[in-house]
Amino acid sequence: DKLSAYHPLTEQEAIEFSRSIPEFFPAGAVLTSREIGDGNLNLVFHITDAASGKGLIVKQALPYAKVVGESWPLTLDRARIESEALILQNELAPGLVPTVYKYDAELALTVMEDLSDHVIMRQGLVDGNKYPKFAEDISTFMANTLFFTSDLGMNQQDKKERVKAFINPDLCKITEDLIFDDPYTDSPNNNFEAAIADAAEALRNDDALHLEVAILRNKFLTNAQALLHGDLHTGSVFVTAQSTKVIDPEFAYYGPIGFDVGAVIANLLLNYAGQAHWIKDEAELADFRSYLLGSVREIWTKFENKFGALWDEHNADRLASSASGYKQYYINKLLQDSIGFAGCKMVRRIVGLAHVADIDRIEDAAEREKAQRLALEIGTSLIHLNRQAISIEQAIDIVLSAT
Ligand code: ADP
Ligand code: MG
Ligand code: MG
Ligand code: MG
């Protein structure tokens, strides 16, 4: 029928499709459909039944990305990658991602649990809210999904098959260009304000920084350590005070573990950099910033402990589990990578193509510039530190001395 061949769905067609989920909506339910995505890469339809109060999300991939007025072709296969990653993550970290009800390969769409009772964490943090369960939940999500998809936590031949299933070249190229290249060159993709042109130029002229970014970029290109979420910023996390749900793993691929951990840390620190604008009262600002830094510390510490506990209990690799000093070596490398990738992710959000609302929505130009410079200083310092790091406290000290 006309629904089955690929085309971007209308709101009405999304309703028709959602009726195919067995026993979800009552027969004859009057359904409403609204497209709520930002429309750059994907369509996101919210289907609701006012009578039963039930809802579904239908997310459909578009075959292109709208970027700086141009259209970049982007494989629809990422819808498969997203739905398969969500299903696997729900097995490894139960309850921390939306349930997938259906995936349709031809239409490149996933029907999933409606999380409209949650808020996107980036917005929640801009609004000054604290999330007491977040550090616990995100550290569990990362430790479980990353350990059990790595060569430490699964059969190493099965892992190679899984690497193949998650080859994701189009989405990886976005990361390789926008995070690990453009900000350090004179690229037309860059997007920074004239007020910080000197700081952007400094990024292009810092040889020591380029060496560190080249090393981190190579890890992203080659280190098939674990199945990453791949886009784990605070816009990919739905939260309430009691609940955490990670969404949007369309960038999932086998890469370096620190890339996911670093994404979480970077986005908390980007919020930190913007908060001087969002919270005017000095004592409240200090309290919220110390909450954010405490979260960074807690997320790393809990992740390290949980990953270490899985290592002790489930390590399938004979030498990795018996060679003395190896666990400490491995986890220290994860810390170093996390700090380095966090720095790269902060820098790209200031001078690169895609920015964050925590800073971009600051209306006062002078305040926005201050936040941008602070984020750049923290980001570049983290990158310079990364291979020397032995403790998360060094990253926290960088933030405190830059503030
Ligand atoms: P994209 O890959 O295009 O960024 P996302 O998966 O991040 O798409 O979804 C875009 C927006 O759609 C989210 O910010 C959120 O507002 C909404 N959304 C996505 N998934 C859900 C869901 N499961 N429940 C409720 N809203 C959702
Ligand atoms: Mg989006
Ligand atoms: Mg996405
Ligand atoms: Mg998204």
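1. Crossing of α10 and α15. In this predicted model, helices α10 and α15 cross with a right-handed sense. Helix α10 covers residues 282–314 and helix α15 covers residues 392–402; the angle between them is about 165° and their axes lie 10 Å apart. The two helices are therefore roughly antiparallel to each other, since angles over 145 degrees count as such. On the α10 side the contact is made by L293, V296, R297, W300 and T301, and on the α15 side by I392, I396 and V399. By class, these residues are 6 nonpolar, 1 polar and 1 charged.

2. Crossing of α8 and α14. Helix α8 (residues 207–222) packs against helix α14 (residues 365–385) at about 70°, the axes being 9 Å apart. That angle makes α8 roughly perpendicular to α14, because the range for this label is 65 to 115 degrees. The crossing is left-handed. A208, L209, E212 and V213 of α8 meet T380, I383 and H384 of α14. This contact of α8 with α14 has 4 nonpolar, 2 polar and 1 charged residues.

3. An unreviewed UniProt entry gives the feature "binding site" at N42, K59, E113, D114, L115, D248, P249 and E250.

4. D114. This residue sits in the loop that runs between β7 (109–113) and β8 (119–120). Is D114 buried or partly exposed? D114 has 16 other C-beta atoms within 10 Å, so it is partly exposed; a buried residue would need 20 or more. Leaving out residues up to four places away in sequence, D114 touches H46, G55, L56 and I57.

5. E250. The loop between β11 (244–246) and β12 (254–255) holds E250. Because 27 other C-beta atoms lie within 10 Å of E250, this residue is buried. With residues up to four places away in sequence not counted, the contacts of E250 are R78, I81, E82 and L171.

6. Surroundings of D231. D231 is in the loop between β9 (226–227) and β10 (237–239). With 20 C-beta neighbours inside 10 Å, D231 counts as buried, because the cut-off is 20 or more. D231 touches S236, D248 and F251, not counting residues up to four places away in sequence.

7. Where is R348 found? R348 belongs to helix α12, residues 326–351. There are 24 other C-beta atoms within 10 Å of R348, so it is buried. Setting aside residues up to four places away in sequence, R348 touches L178, I179 and P183.

8. E23 is not a glycine, yet its phi is positive, at about 55°. E23 is in the loop between α1 (11–18) and β1 (31–35), and counts as exposed because it has 6 C-beta neighbours inside 10 Å. A108 also has a positive phi of about 55° without being a glycine. A108 lies in the loop between β6 (100–104) and β7. With 24 C-beta neighbours inside 10 Å, A108 counts as buried.

9. Two distances along the chain. T240 is in the loop between β10 and β11, and its 15 C-beta neighbours inside 10 Å make it partly exposed. P132 is 108 residues from T240 along the chain, and the C-alpha atoms of the two are separated by 9.1 Å. L88 lies in helix α2, residues 77–92. L88 has 20 C-beta neighbours inside 10 Å and therefore counts as buried. What distance separates the C-alpha atoms of L88 and H7? These residues are 81 places apart along the chain, and the separation is 27 Å.

Conventions:
Residues numbered from 1 in each chain as written. Chains lettered and ligands numbered in written order. Predicted model: local features only at pLDDT ≥ 70, side-chain atom pairs only at ≥ 80, totals over all residues. Axes fitted to C-alpha atoms, helices over the stretch in contact; angles between N-to-C directions. Helix = DSSP H or I, 4+ residues; strand = E, 2+ residues; numbered from the N terminus. Parallel < 35°, antiparallel > 145°, perpendicular 65-115°, else oblique. Left-handed = near helix turned anticlockwise from the far one by under 90°. Contact = placed C-beta atoms within 7 Å. Nonpolar A, V, L, I, M, F, W, Y, C, P; charged D, E, K, R; others polar. UniProt positions renumbered as here; feature names shortened; annotations may be inferred. Buried ≥ 20, exposed ≤ 12 C-beta atoms within 10 Å, placed from the backbone.
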